[in-house]
Amino acid sequence: MLEKMGDFFDARLDGYEDHQLSTIESAREFYPFTAKCLPTAEGTYVLDLGCGTGLELDEFFALNKTAKVTGIDLAAGMLDALQKKFSGKDITLINGSYFEVPFGEEKFDAAVSVESLHHFTKEEKIPLYTKLRAALKSGGYFILTDYFANSEDEETRFRQELLQIRKEQKLSDDEFYHYDTPLTVEHEKEALIVAGKCLESSILRTFLSLRKSFTARWRRWFYLTNFRLIGPIRLFSRSLSMKQGGEVF
Ligand SMILES: C[S@@+](CC[C@H](N)C(=O)[O-])C[C@H]1O[C@@H](n2cnc3c(N)ncnc32)[C@H](O)[C@@H]1O
């Protein structure tokens with residue numbers, strides 16, 4: 001049975017951080033890498049989409065102690081854990097969906113999202129990224145670190161699996177259920193380009209690939225870190241054998 005998105009993560013709160021850091025290949029690289037991409041200026045405003053318990057913020061606050069962070073997440077328990085970890089920090093937490101929560105206009109110096117947006121379609125992401133772009137100050141940027149499907153076939157298959165399971169389980173269309181449906185890098189870029197009103201060449205100005213060969217061929221995903229719709233993209237590789245809806249998230 002698929003679980004509602006927030007319930008899925010709250011049910012796995014115990015051991016969540018160990019799981020992320022020890023099960024996901026490159027996690028010990030991409031959390032610090034992502035944090036290093038965020039602004040270091042004093043009192044900078046950062047928005048975190050799907051902040052969870054704030055693994056990326058552990059690294060970020062170590063680099064910028066005075067940052068003002070707004071975190072949005074569907075899982076109330078994950079947010080409670082985050083709040084406890086960073087009690088002395090300037091943090092605003094919103095328990096809701098980033099598709100619904102207003103972000104405001106020109107409020108943030110940067111936005112970040114780690115391991116959260118691989119549950120959604122390109123069609124869902126375009127209005128989200130458009131809203132996000134409007135919420136960034138001039139010169140602001142967006143760092144995205146996530147999984148990506150290895151091919152269009154894979155992307156389509158995951159999406160069809162989800163639709164099929166939703167149908168079988170008669171799940172409401174109004175709720176998000178946890179099932180990984182990553183886009184290909186190409187489709188992710190298309191969403192960013194449309195929302196960012198920018199040229200592909202500006203997204204891909206610098207490209208550093210760390211691809212390796214994989215053993216788990218049918219689930220060959222990548223991490224991508226995208227800078228503001230302008231700047232370097234870095235791919236982290238990951239091989240995994242995973243059971244959907246199961247214990248890798
Ligand atoms: C795998 S966790 C990642 C958390 C954190 N960024 C990290 O890397 O440890 C994914 C998080 O995204 C949140 N999430 C998924 N869809 C969301 C949505 N539509 N709005 C807000 N949060 C969402 C989940 O509740 C979960 O806490």
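Axes here are lines fitted to C-alpha atoms, for helices over the stretch in contact, and angles run from 0 to 180 degrees between N-to-C directions. Keep in mind that this is a predicted model.

Q: At roughly what angle do the axes of helix H6 and helix H8 cross?
A: Let's start by finding the two helices: H6 covers residues 122-135 and H8 covers residues 185-196. Their axes come within 8 Å of each other. The angle at which they cross is roughly 40°.

Q: Are H6 and H8 parallel or oblique to each other?
A: Angles under 35 degrees count as roughly parallel, and the axes of H6 and H8 cross at roughly 40°. H6 also passes H8 in a right-handed crossing. The two helices are therefore oblique.

Q: In which hand does H3 pass H4?
A: Look for helix H3 at residues 27-36; its axis and that of H4 come within 8 Å and cross at roughly 50°. H3 and H4 are therefore oblique to each other. As for the hand, the crossing is right-handed.

Q: Which helix supplies the largest share of the shell around the ligand?
A: There are 23 residues around the ligand, and Gly50, Gly52, Leu55, Ala75 and Ser116 come nearest. The shell divides into 13 nonpolar, seven polar and three charged residues. Helix H1 (5-11), helix H4 (55-63) and S2 each supply at least two of its residues. The largest share, three residues, comes from H1.

Technical notes: Residues numbered from 1 in each chain as written. Predicted model: local features only at pLDDT ≥ 70, side-chain atom pairs only at ≥ 80, totals over all residues. Near = placed C-beta within 6 Å. Helix = DSSP H or I, 4+ residues; strand = E, 2+ residues; numbered from the N terminus. Nonpolar A, V, L, I, M, F, W, Y, C, P; charged D, E, K, R; others polar. Parallel < 35°, antiparallel > 145°, perpendicular 65-115°, else oblique. Left-handed = near helix turned anticlockwise from the far one by under 90°.
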